[in-house]
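Could you walk me through this protein model, starting with its sheet and ending with its pocket? I would like plain paragraphs that I can follow with the structure open beside me.

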Amino acid sequence: MASNSTHNEFHVFMLIAIMVSSMVATCAGSFYQDFDLTWGDNRAKIFNGGQLLSLSLDKVSGSGFKSKREYLFGRIDMQLKLVAGNSAGTVTAYYLSSQGPTHDEIDFEFLGNTSGDPYILHTNIFTQGKGNREQQFYLWFDPTRNFHTYSIIWKPQHIILLVDNMPIRVFKNVESIGVPFPKNQPMRIYSSLWNADDWATRGGLVKTDWSKAPFTAYYRNFKATQFSTKSSLSSNSDAEWQINELDAYGRRRLRWVQKYFMIYNYCNDLKRFPQGVPVECSH
């Protein structure tokens with residue numbers, strides 16, 4: 001009897017595991033398995049058995065990588081340690097994007113600065129080829145001293161950007177008032193380290209100091225949790241799909257970040273939008 005009971009329990013366990021895995025696919029493999037080094041020759045490197053990736057920039061070229069697979073809804077986590085010291089003029093970009101003139105895109109861009117001055121985290125969201133939805137933040141820590149986790153939660157209802165699991169930005173699906181939302185185009189993960197000293201630091205006033213090159217950023221602990229659209233619509237959808245909604249505590253943390261660390265919000269830029277800010281700003 002004990003043998004049959006154990007046998008039955010095993011089958012029940014396997015059935016549950018199969019059902020869950022059919023709704024949520026979590027990937028936490030190696031950089032060798034998950035990414036292609038796309039440009040920069042040997043300036044992009046994978047080492048530590050595929051657990052660590054670095055991008056470098058010198059006066060000749062920057063470097064970059066992209067994911068082998070595409071994603072449609074889910075959560076993307078990556079730990080980054082940014083260029084240390086005088087990083088003025090450099091940009092480390094980490095983003096999701098589809099291709100083509102009507103592409104969708106969800107951006108983290110880290111704008112370097114002179115030693116001792118804070119990085120600026122520049123975020124943007126493109127829908128059907130149109131961006132102009134910039135929000136910028138200072139960080140509440142030095143992103144060059146240790147690794148920190150930068151996450152994108154992408155669901156049919158909203159997009160949430162997080163830093164160390166702290167929500168910093170929410171972009172809601174308000175298609176009901178005519179604002180396109182990324183929901184049909186699968187996106188790949190991209191990252192690059194490049195020279196943008198014509199605009200990145202103080203509007204281009206501070207140039208890259210090439211005597212400090214090469215500039216290097218590091219990546220580790222990539223994780224992708226992809227949700228099927230079917231599970232998102234099911235009344236019995238899996239718990240993983242339902243978590244990460246902003247509860248009262250999450251909304252308080254979001255307000256804290258936006259009150260004390262947001263330095264630019266397109267929704268408040270009346271000079272830029274003299275005829276009125278974009279309609280999604282009121283939701």
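Predicted model: local features only at pLDDT ≥ 70, side-chain atom pairs only at ≥ 80, totals over all residues.

Residues are numbered from 1 along each chain as its sequence is written, and side-chain values use heavy atoms, with hydrogens and water left out.

Let's begin with the open sheet, whose eight strands follow the order β2-β5-β14-β7-β8-β9-β10-β16 with antiparallel pairing. Helices (H or I, at least four residues) and strands (E, at least two) are DSSP runs, numbered from the N terminus, and two strands pair if DSSP finds at least two bridges between them. At the edges stand β2 (35-39) and β16 (262-265); each has a single partner strand, so one side of each is left without a neighbour in the sheet. From one strand to the next, the twist averages 15 degrees; axes here are lines fitted to C-alpha atoms, for helices over the stretch in contact, and angles run from 0 to 180 degrees between N-to-C directions. Within this sheet, strand β9 (residues 120-126) runs antiparallel to β10 and is joined to it by three bridges. In that pair, L121 stands opposite F137 of β10. As background, strands of a sheet pair through backbone hydrogen bonds, either parallel or antiparallel.

D36 is partly exposed, at a relative accessible area of 31%; buried means under 20%, exposed over 50%, and partly exposed in between (1.4 Å probe, protein chains only). Although D36 and K68 are 32 residues apart in sequence, their C-alpha atoms are 6.3 Å apart in space. Their side chains are joined by a polar contact of 2.6 Å, that is, a pair of N or O atoms within 3.5 Å; within protein, one must be able to donate a hydrogen and the other to accept it, and residues adjacent in sequence count only if both atoms are side-chain atoms.

Now turn to β11. Seven of the seven residues of β11 are buried, so this strand is largely enclosed by the rest of the structure. One side carries H148, Y150, I152 and W154, the other T149, S151 and I153, and both faces are covered. Strand β6 (residues 74-81) is joined to β11 by seven bridges and runs antiparallel to it, with M78 having Y150 as its bridge partner. Five bridges also join β11 to antiparallel β12, where S151 is partnered by L162. Three residues separate β11 and β12 in a hairpin.

Which loop holds T144? T144 is found between β10 (135-137) and β11 (148-154). T144 is buried, with a relative accessible area of 16%, and its side chain makes a polar contact of 2.7 Å with that of D142. Beyond its neighbours within four places in sequence, T144 is in contact (heavy atoms within 4.5 Å) with K81, L82, V83, A84 and Y119.

Finally, look at the lining of the largest pocket, which has 19 residues, with V170, F171, K172, L254 and H283 nearest its centre. A pocket, on a 1 Å grid over the protein atoms alone, is an open set of points where a 1.4 Å probe fits, with protein on both sides within 12 Å along at least five of seven lines; lining residues have an atom within 4 Å of a point. Strand β13 gives the largest share of the lining, four residues.
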